[in-house]
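Reader: Please show me the model, and then let us go through it by question and answer.

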Amino acid sequence: MADAAAVETDDVDEEIELSALDDDDLVAQMHDDLYDGLGPEIVEGTELLLGRGWGADKVLNEALVEAMRIVGIDFRDGILFVPEVLLAANAMKAGMEILRPLLAETGAEPMGKIVIGTVKGDIHDIGKNLVGMMLEGAGFEVVDLGINTDVDEFLEALDAHRPDILGMSALLTTTMPYMKVVIDTLIEQGLREDYLVIVGGAPLNQEFGEAVGADAYCRDAAVAAETATDLIRARRAAA
Amino acid sequence: MSAAAPVAPERVLVLACGALINELQAIVGRHALDHVDVECLPAKLHNRPALIAGAVRDRIARLRDGGRSYQRILLGYADCGTAGALDDLCAEFSARASQGDAPEITRVPGAHCYEFFATAHRFAELSEAEPATFYLTDYLARHFELLVWKGLGIADHPELAEMYFGNYRRVVLLTQTPHGDERARIETCARAGAERLGLPLDIVETGYGELETAVTEIGVPNPNAMPIQLDAPRRSHEDQVPA
């Protein structure tokens with residue numbers, strides 16, 4: 001029994017008391033916790049920073065978005081894989097749920113508005129949902145049309161929400177050509193110049209993005225948020 | 001005047017996903033393609049498609065360094081989520097092959113093994129009938145627990161199941177096995193997997209589809225090939241079972 005107890009004690013990880021950490025160490029620990037998909041720890045860290053007088057946008061950007069950006073890089077580099085990214089996204093979501101109402105209260109002007117959706121015939125939304133989360137983290141108002149979205153639904157949403165950007169996602173080689181259907185329809189209806197268009201999804205690449213006439217191909221969720229921000233800024237600077 | 005010695009056919013290589021080893025052995029046996037070597041990479045790359053092209057490249061180099069060079073190689077992969085990386089690899093080797101310093105490499109057509117087993121036309125029909133379909137092959141059905149449930153992290157984090165499979169409405173087993181006890185066993189595995197996902201199961205018998213076509217095509221002796229010294233046929237089993 002004594003041996004078993006000793007083993008049990010040895011196996012217990014050293015608990016880190018988040019409240020005992022100063023701001024810099026707490027943010028660094030939150031980066032680790034989000035990377036490891038530890039939702040409750042992210043909730044606790046978020047509440048601690050808010051309690052110390054941090055603004056919601058600062059918590060979002062410095063603790064959550066930065067951590068998710070690192071997750072995105074390691075996913076791109078083959079260090080993390082989909083399960084780990086999903087767990088990290090869930091942790092970020094837990095923190096976002098605390099911050100979202102606070103961000104709304106500030107009345108801060110969003111970076112821009114984007115309509116996103118997975119194209120017709122495709123029901124895969126893991127990547128799109130990550131993109132939505134990262135865009136929200138980057139200050140965008142996100143209108144998510146969900147999965148299996150046909151051209152009429154995209155056009156109705158553009159008309160109803162008047163976004164700056166349209167984002168389309170596809171996981172299948174059989175469904176990604178539908179992006180061109182949507183873009184060609186925008187061109188036919190004289191609407192193409194009204195919107196920036198970004199595309200993404202596992203089977204896509206830069207050449208495909210150019211071939212279908214998108215403004216940008218985004219290889220992952222973090223890049224999508226960065227690209228959307230850059231495109232908006234460039235358009236506004238040119239206006 | 002002595003009779004000319006028979007010229008051995010050029011050896012060709014099928015370098016494939018470990019999930020296809022049983023089917024490839026069956027095809028090679030069925031068509032008596034004794035000059036076709038089969039090598040497999042780990043089936044777990046199915047869940048790590050970004051690593052497939054690099055693994056293919058490394059294995060070809062390893063074989064070459066071990067004295068096994070080929071003029072023609074068939075990759076037993078479709079695109080398999082590599083976003084064109086396998087096509088890029090094939091194009092690169094083909095360009096070098098024209099200079100004579102690399103094998104000619106092709107791959108099985110299609111987006112993934114579901115498509116080449118079912119054949120493109122039939123797979124399009126299945127997808128159109130229900131886009132929200134999660135497909136299993138015999139191998140994936142047999143190894144559902146390891147490759148799907150554990151491989152996607154659901155065993156440790158059940159909350160991920162909804163994120164992965166929340167949009168699906170059915171499972172389709174594309175079976176390569178026409179009948180017998182093994183077919184019954186595969187169906188049982190597929191049914192158990194579908195139940196775990198909370199989805200109905202449909203079963204579609206496909207045979208080996210376009211995989212068989214591709215293997216038999218590359219198995220046709222190349223009349224321009226230089227005769228090479230033969231040794232024992234090589235069929236690697238090392239990567240059949242996912243680690």
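Reader: How does the reach of helix α6 of chain A relate to the span expected at 1.5 Å a residue?
Author: This is a predicted model. Helix α6 of chain A covers residues 126-137, which is 12 residues. At 1.5 Å a residue the expected span is 16 Å, and the reach from the first C-alpha to the last is close to that, at 17 Å.

Reader: Which residue with a positive phi follows α6(A)?
Author: The helix ends at residue 137. After it comes a residue with phi near 95 degrees, and that residue is A:G139.

Reader: Which strands stand at the edges of the open sheet of chain A?
Author: The sheet has 5 strands with parallel pairing, in the order β2-β1-β3-β4-β5. The twist from one strand to the next averages 25 degrees. An edge strand pairs on one side only, and here the edge strands are β2 (140-144) and β5 (216-218) of chain A.

Reader: Within that sheet, which residue stands opposite A:T118?
Author: Strand β1 (residues 112-118) and strand β3 (residues 165-169) of chain A pair in the parallel sense, over 5 bridges. The residue of β3(A) that stands opposite A:T118 is A:S169.

Reader: At what angle to β4(A) does helix α10 of chain A run?
Author: Helix α7 (residues 151-161) of chain A packs on the sheet against β1, β2 and β3, and its direction makes about 165 degrees with that of β1(A). Helix α10 (residues 221-238) of chain A lies across β1, β2, β3, β4 and β5. Its angle to β4(A) is about 165 degrees.

Reader: Which helix gives the largest share of the side of chain A that touches chain B?
Author: The contact involves 20 residues of chain A and 20 residues of chain B. The side belonging to chain A divides into 11 nonpolar, 7 polar and 2 charged residues. Its largest share is 4 residues, from helix α5 (residues 82-106) of chain A.

Reader: What distance separates the centres of the two domains of chain B?
Author: The domain assignment gives domain 1 as 12-110 + 209-218 and domain 2 as 120-205. Between them, 7 residues of domain 1 are in contact with 8 residues of domain 2. The side of domain 1 that touches domain 2 has 2 nonpolar, 3 polar and 2 charged residues. Taken over C-alpha atoms, the centres of these domains of chain B are separated by 25 Å.

Reader: Why is one side of β5 and of β7 in chain B left without a neighbour in the sheet?
Author: The open sheet of 3 strands in chain B has the order β5-β6-β7, with parallel pairing. β5 (133-137) and β7 (201-205) stand at the edges, so each has a single partner strand.

Reader: Which helix of chain B packs on the sheet and touches β5, β6 and β7?
Author: Strand β6 (residues 170-175) is joined to β7(B) by 5 bridges, and B:T175 stands opposite B:E205. The helix covers residues 180-197, and its direction makes about 160 degrees with that of β6(B). It is α9 of chain B.

Methods. Residues are numbered from 1 along each chain as its sequence is written. Chains are lettered from A and ligands numbered from 1 in the order in which they are written. This is a predicted model: local features need pLDDT of at least 70, side-chain atom pairs count only at pLDDT 80 or more; totals for chains, interfaces and linings use all residues. Two residues are in contact if their C-beta atoms, placed from the backbone, lie within 7 Å. Helices (H or I, at least four residues) and strands (E, at least two) are DSSP runs, numbered from the N terminus. Ala, Val, Leu, Ile, Met, Phe, Trp, Tyr, Cys and Pro count as nonpolar, Asp, Glu, Lys and Arg as charged, and the others, Gly among them, as polar. Domain bounds come from an automatic or database domain assignment. Two strands pair if DSSP finds at least two bridges between them. Axes are lines fitted to C-alpha atoms, for helices over the stretch in contact, and angles run from 0 to 180 degrees between N-to-C directions. The expected span of a helix is 1.5 Å times one less than its number of residues.
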